[in-house]
Amino acid sequence: MTETVRIYTDGACKGNPGPGGWGALLRIGAHEKELFGGEPETTNNRMELAAVINALASLKRPCTVEIYTDSQYVRNGITEWLAQWRRRGWKTADGKPVKNLDLWHDLEREAGRHKVRWHWVRGHAGHDGNERADALANRGVASLKLS
């Protein structure tokens with residue numbers, strides 16, 4: 001039996017829009033992998049999405065995955081809103097175009113490769129995985145200054 005991959009993700013933005021970063025902590029058994037990156041001009045929601053997309057894309061084969069995010073936008077988007085957006089031609093309930101459509105398509109593709117369960121956790125509330133993902137997202141922002 002294969003073990004479940006637990007992924008903790010977070011996004012950060014210094015200004016919204018502004019420089020942003022994303023971070024992901026992947027755990028399988030006793031093994032951990034840290035991922036992070038950043039973009040010079042972005043939004044917090046884009047970084048939240050990028051964290052999950054990059055984490056799922058890093059998995060080399062289909063897996064059972066538990067994703068923990070402090071973003072209601074990401075969790076609700078993938079579990080509730082996506083099907084409605086598709087049915088309405090990628091429009092929101094009030095008829096506006098879905099924001100970050102490119103990333104929603106990427107997330108849908110990457111999540112489709114795996115068996116994923118989505119969990120929301122309260123941010124900045126002492127949850128170890130979320131705190132680590134937050135630190136990685138801030139490393140993503142800091143990495144921009146090195147470029």
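Here are some notes on the fold, the hairpin and the cores of this predicted model.

1. Ground rules: residues are numbered from 1 along each chain as its sequence is written, and side-chain values use heavy atoms, leaving out hydrogens and water. As this is a predicted model, local features need pLDDT of at least 70 and side-chain atom pairs count only at pLDDT 80 or more, while totals for chains, interfaces and linings use all residues.

2. Overall fold: you'll find 4 helices and 5 strands (DSSP runs, H or I of at least four residues for helices, E of at least two for strands, numbered from the N terminus). Reading from the N terminus, the order is β-β-β-α-β-α-α-β-α. The radius of gyration (over C-alpha atoms) is 15 Å, close to the 15 Å from the globule rule (2.2 Å times the number of residues to the power 0.38) for 147 residues, so the protein is as compact as a globular protein of that length.

3. Trp22 sits opposite Gly37 in β3. With 2 residues between the strands, Gly29 takes a positive phi near 60°.

4. Main core: the largest nonpolar core has 31 residues, and Ile7, Leu56, Val65, Trp104, Leu107 and Trp118 touch the most other members. Such a core is a set of buried (under 20% relative accessible area, 1.4 Å probe, protein chains only) Ala, Val, Leu, Ile, Met, Phe, Trp, Tyr and Cys residues joined through side-chain atoms within 4.5 Å. Helix α1 gives the largest share, 8 residues.

Key: Two strands pair if DSSP finds at least two bridges between them. Buried means under 20% relative accessible area, exposed over 50%, partly exposed in between (1.4 Å probe, protein chains only).
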